[in-house]
Amino acid sequence: MSGILITFCVLAFITVLTAFLTIFSRNPIHSAIYLVICFFSIAGHYFLLNSQFLAVVHIIVYSGAIMILFLFTIMLMNLNERHEVHRPRITRLGAIVSFVLVCVVLIAIFINSKPIVGEYDATGEDFQSINVLGKILLNEYMVPFEFASILLLVAMIGTVLLSKKEKLKK
Amino acid sequence: MENVLNHIGIENYIFLSVVLFCVGIFGVLYRRNAIIVFMSIEIMLNAVNLLFVAFSTYHQDAQGQVFVFFSMAVAAAEVAVGLAILVSIFRNLGSISIDNLKNLKG
C-alpha cells in the first residue's frame, strides 16, 4: 500500500462516515457541522487529484458560503430536537431497504462492467492549473460563464423577494 | 508528472461516488426535516462532482473541471432560493416537516 492509497482510504472513510452522521444526528446544527467536515474531506479528494484551484473554490463555496447559509437558517428558525418528528417505522425500514438495494445494484453494475485496468498515462501536460482553467473558461465557455452570472443574479433577486415579509391583505 | 490514478485507480473513485450518492438518496428518504433533505441533496451533488473531477484527471482534460464550476454555481443558487422558500414556509406553518406540505394534494 502506498501512502497515496492510505490517504485516499482515510479520506473516503471520513467522507462516508460524516455523510451518515449528517443524516442520523438529531440536532440540525450537528448535521451542519458534520456536513462541513464531509465537504472538507471532499476538498481533500480534490487536492489528492491535483486540482488545487477546484479544491480551494470548493472550500470557499461549500464550506464557506453554503454552510453559513444553512447555519443561519437553522438559527433563524431556532430548530432543535424538539421539532424533530419521526417517520413511521415502516417508512424508515423502506428507506434502509432501498438504500441497500440501490447501493448493491450500482456497485454490482460497476464491478461487472468492463473494468478499466492498466496504467493511466500521464502526458505531463498541464491541464488543471488556474492558468489553463481560466483560459478555457473565458474562451471556450464564455457564454455559459455569463449565463452562470445571470443565474446568480436572478437567484439573488428571487431570494430577496421570497424572504420579504408579506403585508397582511384584507 | 505522475498520475495519481496509478496509485488509487478510477474504480475506487467510482465506488466512493456511488456510496456517497446512495447516502444522499437515503437521507432524502429517511428524514422528515426539510433542511436535512436539502443537505442530502448537497451530498448527492458533491458525489457527482467528485466523479467529474476523477474522470477529468483520467482523461487529462480540463472540461470536467469546468463543468464542476458550473454545477457549483447552480448549487449555490439552488441552496439560496431553497432556503428562502423554507424560511417562508416556516413563517407560515411553524414547522419545516415535509409532511405538512400537502396543500397541493388533490
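This is a predicted model: local features need pLDDT of at least 70, side-chain atom pairs count only at pLDDT 80 or more; totals for chains, interfaces and linings use all residues.
Trainee: Why is Asn50(A) called partly exposed?

Mentor: A residue counts as buried with 20 or more other C-beta atoms within 10 Å and as exposed with 12 or fewer; Asn50(A) has 17 such atoms within 10 Å, and therefore it is classed as partly exposed. Asn50(A) sits in the loop between H2 and H3 of chain A.

Trainee: What makes the phi of Asn50(A) worth a remark?

Mentor: Most residues other than glycine have a negative phi. Asn50(A), which is not a glycine, has a positive phi of about 70 degrees.

Trainee: How do you know that chain A follows the pattern α-α-α-α-α-α?

Mentor: Chain A has 6 helices and 0 strands, and reading along its sequence gives that pattern.

Trainee: What makes up the side of chain A that touches chain B, by class and by element?

Mentor: The contact takes 71 residues from chain A and 64 residues from chain B. The elements that give two or more residues to the side of chain A include helix H1 (3-24) and helix H6 (142-163), while the largest share, 11 residues, comes from H3(A). By class, that side has 50 nonpolar, 16 polar and 5 charged residues.

Note on methods. Residues are numbered from 1 along each chain as its sequence is written. Chains are lettered from A and ligands numbered from 1 in the order in which they are written. Two residues are in contact if their C-beta atoms, placed from the backbone, lie within 7 Å. Helices (H or I, at least four residues) and strands (E, at least two) are DSSP runs, numbered from the N terminus. Ala, Val, Leu, Ile, Met, Phe, Trp, Tyr, Cys and Pro count as nonpolar, Asp, Glu, Lys and Arg as charged, and the others, Gly among them, as polar.
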